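The following account is intended for a reader who meets this structure for the first time. Please keep the sequence and the model in view while reading.

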Amino acid sequence: LPGLLFNLHVISSERSVSSNDMSILVGVAFLLSFLSSVNAALPPEQVHLALGGNPSQMSVSWVTQIGEQLGNGASTVEYGLSASKLTMAAVGTNKTFYDQGPNKRNFTIHIAAMTRLASATRYYYHVGNEEDGWSPVYSFKSSQSVGSSEPFTMAIYGDMGSTNAQALTLVESEIVNETVDYVLHVGDFAYDMYVSDGKVGDDFMKQIVPVAAYVPYMVCLGNHENHYNFLHYTMRFINQPSNSGLLPAGAGSKVAGLPNNWFFSYDIGLVHFVAFSTEIYFDYKDMVPIQWEWLRQDLEHVNTRRKITPWVVLYGHRSVYCSCDSSCGDAAALVRNGLSGKYGIEELNYNYGVDLFINGHQHNYERSYAVYKSQHMGGNGSMVVNPRASVYIVTGSAGCNEDHAPFTMPQPAYSAARFNTYGYSKMTVLNSTHMYWEQIQTDNGQPADEMGKQIDEMWLVVDKHAPFRQK
């Protein structure tokens, strides 16, 4: 800038320049100086991890507000076994994100994969590049190998906004204390990511960095992501471990051809996780048979290897079973039974032995016993031992600007516990037969001494994992 002003002084002394023109030239000089420093002033932000395509990989995504596709080397992650020795590097890719709001705001989304990771090992990393700057150094523990009997704990919640995110503080504490290894967010983010030209989405993604930059942040889409063909969800969580190809044309022109993070599956230790979209039952009905057939094949395949991953957990956003209110029940019936009696989720769960189904959507917590066709199929109190059907859990009480969802219907016999307070769930897989579930209350409207209190627990014990029809 001083050099630029000196040149302007020379011009004004050699030529006849009015004071008004000189003011304009000085303004231009300041603007040019500012623009030349923009890239350097916009370091990586919104850093978040996800599991890679196999346990030896970890995927990382981040944003720069540059708003243009960048060349080779711009999307780099450096990583290693200590914060001071990031001896490995991987160059990823980037893509310009175009928000569809009135101002057509854009920014750059980066994705890169850390590979050749030893299992269950602490690594350190930062993302960015030399020219535009680096993020702070974060760390993570790599995933255990598939089939490993090493226990792990996952924090699980849905329906968390950028305001009133009452569960987030205690989840952050779990990360700091290394009591949680993974996070699963079962839909509805930020409320909503598209608002204010996507800036609400930016705020939310920055807000979860103390969690998502340190443990894999696994997700599925919810109804609040439906704007612009679920564009914000599809792009912002593009680093999920998609194994279902590319989104088809039926997903909409804004996302077709992108990696399919609407439905996919992955393994952690003894568990096979399957993410799917409940929203296509309401918004993209032509995709229902496509997703259902992919789910069927995935579940059929995992049943050929139940000795390796005996537990099967399926998750989506809306319920298959819930007893909150009539609208909850109507939507659940559609997901449960499908379209005109075809492509329902309950039959898949039963026929292929899905142990646990998890969802959000209702802004409360409800744990059901094992259920099939609305009948109690096993479980008493906090114990569910060798059930004859899947267990269903609603955990959508992380906190957002829509407050709680009250229970207005009588509690059915298959419903084990219902709470209308903010909180999050924890699932600990101990071995091939025992899983422990708990609900943690984080409601600042309750007595202070109840913050962090366990308000529900379940032991799920399965001696032989198999399709329930066989049992």
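Setting aside its neighbours within four places in sequence, V211 is in contact (heavy atoms within 4.5 Å) with L168, V171, E172, I175, V183 and Y217. The model is a predicted one, in which local features need pLDDT of at least 70 and side-chain atom pairs count only at pLDDT 80 or more, while totals for chains, interfaces and linings use all residues. Residues are numbered from 1 along each chain as its sequence is written, and side-chain values use heavy atoms, with hydrogens and water left out.

V211 belongs to helix α5, residues 209-212. Helices (H or I, at least four residues) and strands (E, at least two) are DSSP runs, numbered from the N terminus. V211 counts as buried because its relative accessibility is 0%; buried means under 20% relative accessible area, exposed over 50%, and partly exposed in between, with a 1.4 Å probe and protein chains only.

A nonpolar core is a set of buried Ala, Val, Leu, Ile, Met, Phe, Trp, Tyr and Cys residues joined through side-chain atoms within 4.5 Å. The largest such core has 126 residues, of which Y125, Y217, W262 and Y315 touch the most other members. The largest share of this core, six residues, comes from helix α8, residues 288-302. Beyond four places in sequence, the residues that Y217 touches include L49, A50, Y157, F204 and F237. A second, separate core consists of six residues, among them C322, C328, A332 and A405.

The expected span of a helix is 1.5 Å times one less than its number of residues. For the 15 residues of α8 this gives 21 Å, and the end C-alpha atoms are 21 Å apart, which agrees. Its buried residues are V288, Q291, W292, W294, L295, D298, L299 and V302. Seen down the axis of α8, these residues fall within an arc of 160°, so they line one face of the helix; the arc is that of the directions from the helix axis to the C-beta atoms.

Strand β1, residues 45-51, is largely enclosed by the rest of the structure, because seven of its seven residues are buried. Two strands pair if DSSP finds at least two bridges between them. Strands β1 and β2 (residues 58-64) run antiparallel and are joined by five bridges. A50 has S59 in β2 as its bridge partner, and six residues lie between the two strands of this hairpin.

A further set of strands involves β27, residues 434-441, which is mostly covered, with seven of its eight residues buried. Seven bridges join β27 to the antiparallel strand β26, residues 423-429, and these strands form a hairpin through four residues. K426 has E438 in β27 as its bridge partner. β27 also pairs in the antiparallel sense with β28, residues 454-461, over seven bridges; here Y436 stands opposite W459.

Aromatic rings provide another view. Rings of Phe, Tyr and Trp (its six-membered ring) pair if their centres lie within 6.5 Å; planes under 30 degrees apart count as stacked, over 60 as edge-to-face and the rest as tilted. By this rule there are 26 aromatic pairs. The rings of Y233 and F237 have centres 5.8 Å apart and planes at 45°, so this pair is tilted. By contrast, Y350 and Y372 are stacked, at 3.8 Å centre to centre with 10° between the planes. This pair links distant parts of the chain, with Y350 in helix α10 (residues 345-352) and Y372 in strand β21 (residues 365-372), 22 residues apart. Both Y350 and Y372 are buried. One aromatic cluster is formed by Y123, Y125, Y138, F140 and Y214.

G399 is in the loop between β24 (391-395) and β25 (415-419), and at 3% relative accessibility G399 counts as buried.
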